[in-house]
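Biologist: I have not worked with this structure before. Could we go through it together, step by step?
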Amino acid sequence: MDDALIHTLRMSSPPDDVGTLHDLLESVWVDAPQLAVRDRFGFETALVELVGNVICHADNGSGVSCTLSIVTADNRIEALLSDTGEPGNVELRGREMPDGLSESGRGIPLIQALVDELTYEREGGLNRWRISKQLGGRPNSPASAPAVIG
Amino acid sequence: MEFTVKEMDGGVAVVRLSGMLNMVAASLLRVVVGSTVAEGHPKIAMDLSEIDFIDSSGLGALIGGLKTTRQAGGDLRIAAPNDQVRLVLQLTNMERVLTAYEDAETAFSNG
């Protein structure tokens with residue numbers, strides 16, 4: 001990524017929550033005015049889902065610390081998230097939207113519908129997540145969303 | 001998230017939400033719907049015109065509210081979502097379950 005712009009956030013939950021992330025993204029959008037509104041809220045939705053999942057499901061009771069880097073370039077936006085939570089025991093391949101009246105289970109399929117890549121690996125005692133979205137594209141349909149495990 | 005509840009003719013309650021409908025606000029939304037139904041208003045029109053952002057937790061709370069109202073013989077209808085909310089409804093295949101009306105105050109005008 002030439003001329004990439006990087007924003008970094010370190011957060012600890014609790015007390016931080018997804019509101020902390022929204023605040024960071026406001027500054028990202030100010031610094032990267034080339035991003036179209038649809039790209040912004042598609043990426044923001046995916047990233048809030050990811051961080052929300054980590055805060056909700058990776059906390060073993062002692063809290064979760066996260067380091068988040070958001071990289072913006074002319075044609076792509078990426079987020080690299082590492083967290084100290086429990087291993088992300090989540091299957092990324094073949095995830096489908098749950099039935100209409102189910103109240104949960106949409107987070108990962110929604111991320112996959114919004115970005116081009118979602119990867120996860122466990123390394124050095126940390127969970128490492130990455131999402132990447134090509135700018136100017138359309139969201140994926142839920143049925144064709146890619147499922148990539150890093 | 002903040003909210004107000006306004007009773008309309010015909011027993012319909014208009015719940016106007018503002019702010020972020022996310023994992024932090026989802027539990028509050030469930031309480032608001034539950035108490036509105038318990039007070040005798042199983043028909044709820046959810047005005048989303050001032051909701052800036054929704055995630056899957058907020059969507060789950062809306063679906064929970066829909067089930068709560070239907071179990072009481074009513075319904076929950078949403079109105080005036082912004083483009084981000086519409087995108088989430090579209091990508092989660094929820095547009096037919098949570099049909100978006102233009103205006104909360106007329107969402108139940110056809111019954």
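Biologist: To begin, how many helices and strands are there in chain A?
Modeller: Please keep in mind that this is a predicted model. Chain A has three helices and five strands.

Biologist: In what pattern do they follow along the sequence?
Modeller: The pattern of chain A reads β-α-α-β-β-α-β-β.

Biologist: What share of the residues of chain A counts as buried?
Modeller: The figure is 35% of the 150 residues of chain A.

Biologist: And what part of the contacts with a separation of 6 or more comes from residues 24 or more positions apart?
Modeller: In chain A, such residues account for 71% of those contacts.

Biologist: Let us turn to the helices. At what angle do helix 1 and helix 2 of chain A cross?
Modeller: They cross at roughly 150 degrees, and their axes come within 10 Å. Angles over 145 degrees count as roughly antiparallel, and helix 1 and helix 2 of chain A are therefore roughly antiparallel to each other. The crossing of these two helices is right-handed.

Biologist: Which residues meet there?
Modeller: Helix 1 of chain A brings A:Val18, A:Leu21, A:Leu25 and A:Trp29. On helix 2 of chain A, they meet A:Arg40, A:Glu44, A:Leu47, A:Val48, A:Val51 and A:Gly52. By class, this contact of helix 1 with helix 2 of chain A has seven nonpolar, one polar and two charged residues.

Biologist: How far apart are the axes of helix 2 and helix 3 of chain A?
Modeller: The axes are 9 Å apart, and helix 2 (residues 37-57) packs against helix 3 (residues 107-114) at an angle of about 150 degrees. That angle makes helix 2 of chain A roughly antiparallel to helix 3 of chain A.

Biologist: Is that crossing left-handed or right-handed?
Modeller: Helix 2 and helix 3 of chain A cross in a left-handed manner. Helix 2 contributes A:Gly42, A:Thr45, A:Ala46, A:Glu49, A:Leu50 and A:Asn53 to the contact, while helix 3 contributes A:Gly107, A:Leu110, A:Ile111 and A:Leu114. Five residues of this contact are nonpolar, four are polar and one is charged.

Biologist: Changing topic, how many residues does each chain give to the contact of chain A with chain B?
Modeller: Chain A gives 23 residues and chain B gives 20 residues.

Biologist: Which element of chain A gives the most to that side?
Modeller: Helix 2 of chain A does, with seven residues. The elements giving two or more residues to the side of chain A that touches chain B are helix 1 (18-31), helix 2 and helix 3 of chain A.

Biologist: What classes do the residues on that side of chain A fall into?
Modeller: They divide into eleven nonpolar, eight polar and four charged residues.

Methods. Residues numbered from 1 in each chain as written. Chains lettered and ligands numbered in written order. Predicted model: local features only at pLDDT ≥ 70, side-chain atom pairs only at ≥ 80, totals over all residues. Helix = DSSP H or I, 4+ residues; strand = E, 2+ residues; numbered from the N terminus. Buried ≥ 20, exposed ≤ 12 C-beta atoms within 10 Å, placed from the backbone. Contact = placed C-beta atoms within 7 Å. Axes fitted to C-alpha atoms, helices over the stretch in contact; angles between N-to-C directions. Parallel < 35°, antiparallel > 145°, perpendicular 65-115°, else oblique. Left-handed = near helix turned anticlockwise from the far one by under 90°. Nonpolar A, V, L, I, M, F, W, Y, C, P; charged D, E, K, R; others polar.
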